[in-house]
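Colleague: Could you take me through this chain, fold first and details after?

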Amino acid sequence: MPRLAGQQPKYIENQLRAFIERRRVNPVMFNVAHVLSPATLAALSEHFRNLNPEPIGGGPRDHIALGKTIFEQGLPESNVPACSACHGPEAKGHEEIPRLAGQLFPYTLKALSYWGKERGVGGSRDDTSAIMVPTTHNLTHEQMSAIAAYLSYMK
């Protein structure tokens, strides 16, 4: 389950719509999201944005240095851009780009590991999450774990 505190409102709204339209696969979230009115979607999104979460951590500390390097510099030899290029230097995101700072380690690792199977389904031009598919394909499990660990400790 993701940590939504401090998340970008436009991202939350887009992802809830993706569940409703089945561009993002999760039967539980489809059942939750499809009954929400547009006004409720907007109110929920704003509510979460205004929360200022402290990081929980939880990722393996011995992976943090590698995660920081990938987040800040990417892996040019593997065609992986720096995460900070889109998510910002503090990983707080902007508009449809999600906040990653303080995200739960297991959630981030699972999201990166199964990106192409759970997101971007259906090929909608409005689905910005599809941009991550080539990046996640070029990461090893260890690199994904390192990124997730680093992010779990960010404020």
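Modeller: Helices here are DSSP runs of H or I with at least four residues, strands are runs of E with at least two, and both are numbered from the N terminus. This is a predicted model, in which local features need pLDDT of at least 70 and side-chain atom pairs count only at pLDDT 80 or more, while totals for chains, interfaces and linings use all residues. Residues are numbered from 1 along each chain as its sequence is written, and side-chain values use heavy atoms, with hydrogens and water left out.

Colleague: In which helix is the place of Lys-10?

Modeller: Contact means heavy atoms within 4.5 Å, and, leaving aside neighbours within four places in sequence, Lys-10 is in contact with Glu-95 and Glu-96. Lys-10 itself belongs to the helix that covers residues 9–20, namely α1.

Colleague: Is Lys-10 buried, partly exposed or exposed?

Modeller: With a 1.4 Å probe and protein chains only, buried means under 20% relative accessible area, exposed means over 50%, and partly exposed is in between. Lys-10 has a relative accessible area of 40%, so the term for it is partly exposed.

Colleague: How many helices and strands are there in the chain?

Modeller: Read along the sequence, the pattern is α-α-α-α-α-α-α-α-α. The count for the chain is therefore, by the DSSP runs defined above, nine helices and zero strands.

Colleague: Why does the radius of gyration of the chain agree with that of a compact globule?

Modeller: The radius is taken over C-alpha atoms, and the globule rule is 2.2 Å times the number of residues to the power 0.38. For 155 residues a compact globule would have a radius near 15 Å, and the two agree because the chain has 15 Å.

Colleague: What covers the buried residues of α6?

Modeller: The buried residues in α6 are Phe-105, Tyr-107, Thr-108, Leu-109, Ala-111 and Leu-112. Their cover includes α7 (115–118), α8 (133–137) and α9.
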